[in-house]
Amino acid sequence: MRKAIAIDFDGCLCEWAWPEIGAPHMDVINAAIREQNSGTALILWTCRVGSLLESAVEWCSSYGLEFDAVNTNLPERIAAYRNDCRKVYADEYWDDHAIRMGAGREYWRNAVLVDAVQTWGAEAQQQMMVEEMSELTKALCKLYRARTEADAEKAVEDIREEMADVQIMLDQMKILFGGIEDQEGKKLDRLARRLEAAHTKEGAEK
């Protein structure tokens with residue numbers, strides 16, 4: 001069964017301008033298109049009805065965003081579960097007003113990261129980012145110099161610890177500078193093309 005994402009319209013795919021349609025949120029639109037290209041089913045999940053809904057669907061189409069369902073469940077899920085409940089069933093819900101419940105640790109983690117940025121400031125956390133990346137580089141170099149199995153195991157444990165520090169700081173950089181989903185998507189696409197070329201070359205050489 002395909003992964004399904006239900007996506008809100010006003011305030012999510014575009015800026016809030018009800019009943020008009022606001023400026024597009026291209027990062028969200030592009031992320032949705034990437035998901036669909038990877039096989040994900042998209043559901044437009046909105047309070048708009050009638051002509052306002054038709055306008056929203058046409059607007060999305062103008063940006064290359066097509067939906068597998070609009071304010072309804074996917075046909076394959078209706079068939080699989082033998083019902084068509086009022087709540088649109090999906091694996092993910094994209095909504096500008098969403099608050100994730102049942103994920104206390106994740107909510108707490110984000111609150112701690114925001115608090116760190118606000119308490120120590122952008123400049124201090126940027127400097128800490130540099131320091132933590134340097135520590136990870138040193139840990140990786142120690143692995144290259146390991147002469148015994150025990151030394152290698154210790155180096156790997158140090159690498160994992162420094163990776164955690166770097167990840168924490170990276171997430172603070174996202175708070176400071178914004179998300180990287182669009183940039184990451186482009187770089188992953190580029191990496192995929194390079195891998196395809198490399199595999200093609202390897203096959204030709206064999």
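Biologist: Is Arg147 buried or exposed, and how do I read that?

Modeller: Arg147 is exposed, because its relative accessible area is 78%. The cut-offs are under 20% for buried and over 50% for exposed, with partly exposed in between (1.4 Å probe, protein chains only). Bear in mind that this is a predicted model, where local features need pLDDT of at least 70 and side-chain atom pairs count only at pLDDT 80 or more, while totals for chains, interfaces and linings use all residues. Numbering runs from 1 along each chain as its sequence is written, and side-chain values use heavy atoms, leaving out hydrogens and water.

Biologist: Where does Arg147 lie?

Modeller: You'll find Arg147 in the loop between H5 and helix H6 (149-177). Helices (H or I, at least four residues) and strands (E, at least two) are DSSP runs, numbered from the N terminus. As for spacing, Arg147 and Asp189 are 42 residues apart along the chain, and their C-alpha atoms are separated by 38 Å.

Biologist: What about Tyr144, how far is its C-alpha atom from that of Ala155?

Modeller: Those two C-alpha atoms are separated by 8.9 Å, with Tyr144 and Ala155 sitting 11 residues apart along the chain. Tyr144 belongs to helix H5 (residues 122-145), and at a relative accessible area of 69% Tyr144 is exposed.

Biologist: Now a charged residue on the inside. Why is Arg48 called buried?

Modeller: Arg48 is called buried because its relative accessible area is 0%. Arg48 lies in the loop between strand S2 (41-44) and helix H2 (50-62).

Biologist: Which side chain does the side chain of Arg48 make a polar contact with?

Modeller: That of Asp10, at 2.8 Å. A polar contact is a pair of N or O atoms within 3.5 Å; within protein, one must be able to donate a hydrogen and the other to accept it, and residues adjacent in sequence count only if both atoms are side-chain atoms. The Arg48 side chain also reaches the backbone oxygen of Leu52, at 3.4 Å.

Biologist: How many salt bridges does the structure hold?

Modeller: The general idea: side chains of opposite charge can pair when their charged atoms come close. A salt bridge here is a side-chain nitrogen of Lys or Arg within 4 Å of a carboxyl oxygen of Asp or Glu, and the structure holds 13 of them. One of these joins Arg2 and Asp68, with the closest N and O atoms 3.2 Å apart. That pair links distant parts of the chain, 66 residues apart: Arg2 is in the segment before strand S1 (4-7), and Asp68 is in the loop between H2 and strand S3 (69-70). Arg2 is partly exposed at 33%, and Asp68 is partly exposed at 33% too.

Biologist: Which residue does Arg77 form a salt bridge with?

Modeller: Asp91, and the closest N and O atoms are 2.7 Å apart. This pair also links distant parts of the chain, with Arg77 in helix H3 and Asp91 in the loop between H3 and S4, 14 residues apart. Arg77 is buried at 4%, whereas Asp91 is partly exposed at 43%.

Biologist: What separates Lys138 and Glu135 in helix H5?

Modeller: About one helical turn, because they are 3 residues apart in helix H5. Lys138 and Glu135 form a salt bridge, their closest N and O atoms being 3.9 Å apart. Lys138 is partly exposed at 46%, and Glu135 is partly exposed at 34%. Elsewhere, salt bridges that share partners join Arg2, Asp68 and Glu76 into one network.

Biologist: Last one: which residues form the positive surface patch?

Modeller: Lys187, Arg190, Arg193 and Arg194. Patches take residues with over 30% relative accessible area and no salt bridge, joining like charges within 9 Å and nonpolar side chains (Val, Leu, Ile, Met, Phe, Trp, Tyr) within 5 Å. Lys and Arg count as positive, Asp and Glu as negative, with His and the chain ends not counted. A charge is placed at NZ of Lys, CZ of Arg, CG of Asp or CD of Glu. Arg193 lies in helix H7 (residues 181-205) and is exposed at 52%. There's a nonpolar surface patch too, about 520 Å², made by Met1, Trp45, Tyr81, Tyr89 and Tyr93; areas come from the Shrake-Rupley method with a 1.4 Å probe, and for residues only the protein chains shown count as cover. Tyr89 is in the loop between helix H3 (75-81) and strand S4 (92-94), and is partly exposed at 37%.
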